[in-house]
Amino acid sequence: MESQTDGGGCTTLDEHLIRVGFALGGDDGCIADARRRAIAFLEQACEDYGLTVPARAKHLTQLVVSELVTNAYKYAPGPVLVELGLTRRAVEVVVWDSDPKVPAARTADPGRIGGHGLEIVKAVTDALSVHRETVGKRIAARISLHGESKAPSG
């Protein structure tokens, strides 16, 4: 469960309807595998709980998973752990990797090739957090199901 403020200053619990986790070996196919698993997770959750996950949220979930797993693949040796969660309001994506270095979104630079992944994730999610762990780091992102994110629609 996650703790959230209900708008009146009171803390409420937004219970996960479903959560899954999986490990990726860090090989060349892990990024595409992570995207496929994310979509399969959302489709199964819709069937099991009768929820409608808008196409926008599905696309953004694939984008966020892709960017975070790509960064882990590029910069951290070893496995990548992915956790996906779904509440009635949001999709949650958590990616753990073995690199303890905490990434930071860089300032926009249209001339820079690459290195925009965290900027993109930050722009399309409601919440983004990075936590250093005993080993490595954990990056968590939340994507709204109801069009409340900062992402443009379309």
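**View 1. Buried residues of helix H1.** In H1 (residues 30-49), the buried residues (under 20% relative accessible area with a 1.4 Å probe, protein chains only) are Cys30, Ile31, Ala34, Ala38, Ile39, Phe41, Leu42, Ala45 and Cys46. The model is predicted: local features need pLDDT of at least 70, side-chain atom pairs count only at pLDDT 80 or more, and totals for chains, interfaces and linings use all residues. Residues are numbered from 1 along each chain as its sequence is written, and side-chain values use heavy atoms, with hydrogens and water left out. Helices (H or I, at least four residues) and strands (E, at least two) are DSSP runs, numbered from the N terminus. The cover over the buried residues of H1 includes H2 and the strands E3 (18-24), E4 (80-86) and E5 (90-97).

**View 2. Span and end of H1.** The 20 residues of H1 reach 28 Å from the first C-alpha to the last, close to the 28 Å expected at 1.5 Å a residue; the expected span is 1.5 Å times one less than the number of residues.

**View 3. H1 against H2.** The axes of H1 and H2 (residues 55-75) are 9 Å apart, and the helices pack at an angle of about 150°. Axes are lines fitted to C-alpha atoms, for helices over the stretch in contact, and angles run from 0 to 180 degrees between N-to-C directions. H1 and H2 are therefore roughly antiparallel (angles over 145 degrees). From H1, Cys30, Ile31, Ala34, Arg35, Ala38, Ile39 and Leu42 are in contact (heavy atoms within 4.5 Å) with Lys58, Thr61, Gln62, Val65, Ser66, Val69, Thr70 and Tyr73 of H2. This contact has nine nonpolar, four polar and two charged residues. Ala, Val, Leu, Ile, Met, Phe, Trp, Tyr, Cys and Pro count as nonpolar, Asp, Glu, Lys and Arg as charged, and the others, Gly among them, as polar.

**View 4. H2 against H3.** H2 and H3 (residues 117-124) cross at roughly 150°, and their axes come within 9 Å. H2 and H3 are therefore roughly antiparallel to each other. On the H2 side, Leu60, Leu63, Val64, Glu67, Leu68 and Asn71 meet Gly117, Leu118, Ile120, Val121 and Val124 of H3. By class, eight residues of this contact are nonpolar, two polar and one charged.

**View 5. The whole chain.** The chain holds three helices and seven strands, in the order β-β-β-α-α-β-β-α-β-β from the N terminus. Of its 154 residues, 41% count as buried.

Note on methods. Angles under 35 degrees count as roughly parallel, over 145 as roughly antiparallel, 65 to 115 as roughly perpendicular and the rest as oblique. Buried means under 20% relative accessible area, exposed over 50%, partly exposed in between (1.4 Å probe, protein chains only).
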